[in-house]
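Subject: Structure handover and salt bridges

Hello,

Please find the structure below. My notes on the charged pairs follow it.

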Amino acid sequence: MAALAVTLAWPARALVDQRRTAAALRAENASAEQRVIDLTESLGKWRDPAYVEAQARARLHFVRPGETAYVVISPDSAPAAVTPRVAEPVRVAWFDSLWQSVEGAAADAG
């Protein structure tokens, strides 16, 4: 009886693993199908010129010729402080420094 249980344990485990993998793949497939539906709906919106114009106005602040654009800044937000960046000193390799000193000595001697 024990030998039969051990013999059937391996295939039973493989069956459970396969069913778990199949369920995960079905869930992934359903998620992908929903994403396709969402993207198809989005594509339909972007084919409408009125939607494209509304998005350009909202996202990119586009205006029609002759219109004046205004950007209202919230009074609560303070302008970001600009901190000056200090340039880091340029590091010169030791052999470049040595060669510069040789050239400088040659220029002084000559």
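How many salt bridges does the count come to by the rule used here? The count comes to 4 salt bridges, where a salt bridge is a side-chain nitrogen of Lys or Arg within 4 Å of a carboxyl oxygen of Asp or Glu.

Before the details, some notes on the source. This is a predicted model, in which local features need pLDDT of at least 70 and side-chain atom pairs count only at pLDDT 80 or more, while totals for chains, interfaces and linings use all residues. Residues are numbered from 1 along each chain as its sequence is written, and side-chain values use heavy atoms, with hydrogens and water left out.

Helix α1

Helix α1 covers residues 2-46; helices here are DSSP runs of H or I with at least four residues, and strands are runs of E with at least two, numbered from the N terminus. Within α1, aspartate 17 and arginine 20 are 3 residues apart, about one turn of the helix. The two form a salt bridge, with their closest N and O atoms 3.2 Å apart. Aspartate 17 is partly exposed at 30% relative accessibility, whereas arginine 20 is exposed at 54%. For these terms, buried means under 20% relative accessible area, exposed over 50%, and partly exposed in between (1.4 Å probe, protein chains only).

Helix α2 spans residues 49-60. Its 12 residues should span 16 Å at 1.5 Å a residue, and the end C-alpha atoms are 16 Å apart, which agrees; the expected span is 1.5 Å times one less than the number of residues. Histidine 61 follows α2 and has a positive phi, near 60 degrees.

Glutamate 53 and arginine 57 both sit in α2, 4 residues apart, about one turn of the helix. Their side chains meet in a salt bridge at 3.3 Å, N to O. Arginine 57 is partly exposed at 31% relative accessibility, and glutamate 53 is partly exposed with a relative accessible area of 31%.

Glutamate 53 also forms a salt bridge with arginine 64, the closest N and O atoms being 3.0 Å apart. Because glutamate 53 lies in α2 and arginine 64 in the loop between α2 and α3 (94-109), this pair ties together parts that are 11 residues apart in sequence. Arginine 64 is partly exposed, at 45% relative accessible area. Salt bridges with shared partners join Glu53, Arg57, Arg64 and Glu67 into one network.

Regards
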